[in-house]
Amino acid sequence: MKAQFVSTKDKAEQVLIVGLPAHLNQLDELAVEGQDIKPDLDELKHQQIVGTTVGQIGSTFYLFNDQPHRLITVGLGNLKDLNTQDYLKAFGNLFQYLQSERITQASMLLESFNNQYYTSRSIVELIGLQSERATYRFDNYKSDKSAPYQLTLSIHTEQSEVSAELETGQIIGEGINVARDFSNMPPNILTPAYYAEQISQHFTDKSVDVDVKDGEQLQQEGFGLIHAVGKGSVNPPHLVTMTYQGGAKDQDPIALVGKGVTYDSGGYSIKSKLGMQTMKFDMCGSANVVAMISIAERLQLPINIVGVVALAENMISEQSMKPDDVFTALSGETVEVLNSDAEGRLVLGDAVFYANQFQPRYILDFATLTGAAVAALGEDKAAALRNDNTAPLDDILQLALEDGDPTFELPITQAEKDKIRRSAVADLVNHTNGHGKALFAASFISHFAGSTPHMHFDIAGPATRSTGNHNGPAGPTGFLVTTIVNWLRQQG
């Protein structure tokens, strides 16, 4: 979307967009071309030509200044009850409607969306976010591609200095779409090597240093768990480290770690034929980490971040790991593999241990990890677990609820810490046949964080969506990207 800010006295486009609350007296004067249109809106509402339900989009003919206009209304409900998710729904539905109607030029009356009762987020930033996120399309591999769509929006307002807020929202939305693009790529194309190359290219000429370790380097340097997962594939594993220095040189970084299993067959603990479908999405955690760092760099956040993504294919061959194998982790500890389909915790174990070498103040990892988390919380919610009460998880959970990324904490107890050591032949074991598998997996990963506060986010359910909604189409969602970016903005 291209946007320009103009005065409420300037001439409006033929398509005019206004927000419509349940009670118009909650708004001040609404001026278009210097004239108040509140009485006209009140009459249209009274005649039930337009509606005020949150997210309801209306369209009607409107004669203004003797000129025909198309009036598009966005239902806002009672302004006193509105929250961030309501605004996301309203703006998401609006931009999807404009896209479906192929409306390429429009005027928006910004003051019609003002709300004295809402202070959680910049409304203008949410407009920018949804203009990008809600209208996402991926048809790279289709012959019959959608025609390019570009909206030019004139935002009529007397507010000053809001253009930066719109740009911030658009940057976040564009970053989410970067994650979606990576996640949507088919696994025969997005191999670990190609993925690493694409990450490097993405950060070309950016203030992010990228280091790539290939399969041979990983084996030589002792990344035994990542090597174990990836060695069964003709496409060897890679580890990509992204370093962003936006803060002082002596400021401890925040480490973001992502699971990047570009395809997961389950290995010899093979998945069912239906279970293998969509397993290209087993790298969504890594794509979301790339997006978070990309956004942080574009926003020039005054913090230091190190991102580590472990990329591997979990395939079957005579070289593949198998149940009962034992491998040595980067930490020097031995790990018995009882289930080759519990590979995510293996690659994350090495990646988290490696990230900890940068002496971060916190480590956060993101992974489509366990079906147990989905069973516990449902497909629309993520599980969060921490190894230390000093980890600032409560702040993140609150932001997640506000931003529409519902995430709930599960515990890591001493029972899980004991279970990961129940191997007769090795220091650690990667699987339990008992209940509490999401907790076991998180405990395994957190073990490699040592004493550093660590937060694990199991996004197995909400990393993708089977149907579209106001945030975009079915497929990868960029879950928690907005939440973590907003948290990072508070860490400077």
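Mentor: Residues are numbered from 1 along each chain as its sequence is written. In this predicted model, local features need pLDDT of at least 70, and side-chain atom pairs count only at pLDDT 80 or more, whereas totals for chains, interfaces and linings use all residues.

Trainee: What makes H3 roughly parallel to H4?

Mentor: The axes of H3 (residues 123-133) and H4 (residues 163-184) cross at roughly 30° and come within 6 Å. Angles under 35 degrees count as roughly parallel, so H3 is roughly parallel to H4. The angles run from 0 to 180 degrees between N-to-C directions, with axes fitted to C-alpha atoms.

Trainee: Which way does H3 cross H4, left-handed or right-handed?

Mentor: H3 passes H4 in a right-handed crossing.

Trainee: Which residues make the contact?

Mentor: Contact means heavy atoms within 4.5 Å. Among the residues involved are Val 124, Ile 127 and Leu 129 of H3, and Leu 166, Ile 172 and Arg 180 of H4.

Trainee: How do you know that 18 residues of domain 1 touch domain 2?

Mentor: By that contact cut-off, heavy atoms within 4.5 Å, 18 residues of domain 1 are in contact with 22 residues of domain 2. The domain assignment gives domain 1 as 2-140 + 150-156 and domain 2 as 172-489.

Trainee: Why is an area called buried?

Mentor: Because buried area is the accessible area (1.4 Å probe) that two parts lose on being put together, summed over both. For domain 1 and domain 2 that is about 1,700 Å², 49% of it on carbon and sulfur atoms. Arg 121, Arg 133 and Tyr 136 supply 40% of the area that domain 1 buries against domain 2.

Note on methods: Side-chain values use heavy atoms; hydrogens and water are left out. Helices (H or I, at least four residues) and strands (E, at least two) are DSSP runs, numbered from the N terminus. Angles under 35 degrees count as roughly parallel, over 145 as roughly antiparallel, 65 to 115 as roughly perpendicular and the rest as oblique. A crossing is left-handed if the near helix is turned anticlockwise from the far one by less than a right angle, and right-handed if clockwise. Domain bounds come from an automatic or database domain assignment.
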